[in-house]
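Take a look at the structure below.

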There are 2 protein chains.
Amino acid sequence: MHDTKPRPARPRPDGALKLKAQLFCGTEIAMGPGKAQLLEAIDLHGSIAAAGRALGMSYRRTWLLVDSMNRCWDERLVATIAGGGSARGARLTPNGRAVLEAYRALEERLAAAANIGIEPLLARLRHAPLAPGSSEV
Amino acid sequence: MHDTKPRPARPRPDGALKLKAQLFCGTEIAMGPGKAQLLEAIDLHGSIAAAGRALGMSYRRTWLLVDSMNRCWDERLVATIAGGGSARGARLTPNGRAVLEAYRALEERLAAAANIGIEPLLARLRHAPLAPGSSEV
């Protein structure tokens with residue numbers, strides 16, 4: 001839940017499948033893999049700046065992602081904690097925690113559904129591609 | 001199955017969710033939404049060039065995508081039909097048709113799994129985002 005490090009690549013066949021779920025509010029991405037990871041980092045580090053640093057993003061980009069999430073949902077997902085100076089922290093709101101948990105549950109449903117009956121498809125995949133231009137088309 | 005036109009955007013709440021499944025062979029995308037669409041266009045138009053034109057892609061890019069697909073699977077997905085001149089056609093191989101159908105079935109499983117219990121999450125989404133910078137973080 002709180003691990004913000006990139007997940008290591010898994011060996012085939014499971015690692016051959018990549019799933020992505022995005023929720024849109026108009027043309028803005030209200031929730032997706034990057035924003036869910038950012039919410040978890042804010043929950044872990046207790047600050048927008050520290051979460052951004054942990055994910056290797058600029059403060060400006062991190063802030064824009066938080067602002068976007070907060071504007072897309074009926075209640076904001078991240079709240080800043082009043083306090084003096086640069087140490088001002090941030091936390092997930094109850095709505096932020098609920099949206100994050102529902103998104104992770106969605107991802108788990110997708111992964112479970114994908115695994116049903118995918119073996120014949122994965123079995124047709126090569127372990128590595130042939131050299132470019134060798135396909136004789 | 002043979003419709004290569006972009007699908008019209010659906011109204012919320014269904015339209016708010018976007019799912020993407022990609023199958024990798026090493027670092028190459030062996031199958032994904034764009035390649036599945038290209039296979040359907042080749043099936044419809046009977047030629048790589050015509051399929052690329054229908055999808056608004058250059059011949060070079062179209063050919064590279066076909067070459068990539070053909071190198072990622074145990075048997076190629078697209079075969080060219082021997083013939084004279086520029087009218088030489090292309091068709092899906094039995095393997096190409098099987099991979100395409102299995103990929104579309106995977107997408108259907110994902111969509112069905114996503115829909116189960118997603119209503120509470122979608123209900124929290126605004127119909128349109130608030131103005132940038134208004135989130136008070």
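A salt bridge is a side-chain nitrogen of Lys or Arg within 4 Å of a carboxyl oxygen of Asp or Glu. Keep that rule in mind. This is a predicted model, and every value below is computed from it. Between chain B and chain A, the count of salt bridges is zero. Over all chains, the same rule gives 10 salt bridges.

What, then, lies between chain B and chain A? Start with polar contacts. The rule finds 23 residue pairs in polar contact across the interface of chain B and chain A, both partners at pLDDT 80 or more. Several elements of chain B give two or more residues to the side that touches chain A. They are strand S1 (17-25), strand S2 (28-31), helix H3 (59-72), strand S3 (78-80), helix H4 (94-115) and helix H5 (119-123). The largest share, 10 residues, comes from H4(B). Now sort that side of chain B by class. There are 34 nonpolar, 10 polar and 12 charged residues.

Next comes the size of this interface. The size of an interface is often given as the accessible area lost when the parts come together. Chain B and chain A bury about 4,600 Å² between them. Of this area, 60% is on carbon and sulfur atoms. Three residues of chain B stand out: Arg71(B), Arg124(B) and Val137(B). They supply 17% of the area that chain B buries against chain A, more than any other three residues. Counted by contact, 56 residues of chain B meet 56 residues of chain A.

Now follow the strands. Which strands of the two chains pair with each other? Strand S1 (residues 17-25) of chain A pairs with S1(B). The sense is antiparallel, and the pairing runs over seven bridges. Two partners show how the strands line up. Lys18(A) has Gln22(B) as its bridge partner. Leu19(A) has Ala21(B).

S1(A) and S2(A) pair in the antiparallel sense over three bridges. Leu23(A) stands opposite Met31(A). Phe24(A) stands opposite Ile29(A). Cys25(A) stands opposite Glu28(A). The hairpin of these strands has two residues between them, and Gly26(A) takes a positive phi near 60° there.

Setting aside residues up to four places away in sequence, Glu28(A) touches Leu23(A), Ser68(A), Arg71(A), Cys72(A) and Pro129(B). With Ser68(A), the side chains are joined by a polar contact of 2.7 Å. Glu28(A) and Tyr103(A) are 75 residues apart in sequence and 16 Å apart in space, C-alpha to C-alpha.

Finally, return to salt bridges. The side chains of Asp43(A) and Arg97(A) meet in one, at 2.9 Å from N to O. This pair links distant parts of the chain, 54 residues apart. Asp43(A) is in helix H1 (residues 33-45) of chain A, and Arg97(A) is in helix H4 of chain A.

Notes:
Residues numbered from 1 in each chain as written. Chains lettered and ligands numbered in written order. Predicted model: local features only at pLDDT ≥ 70, side-chain atom pairs only at ≥ 80, totals over all residues. Heavy atoms only, no water. Contact = heavy atoms within 4.5 Å. Buried area = accessible area lost by both parts, 1.4 Å probe. Polar contact = N/O pair within 3.5 Å; in protein donor to acceptor, adjacent residues only side chain to side chain. Helix = DSSP H or I, 4+ residues; strand = E, 2+ residues; numbered from the N terminus. Nonpolar A, V, L, I, M, F, W, Y, C, P; charged D, E, K, R; others polar. Pairing = 2+ DSSP bridges.
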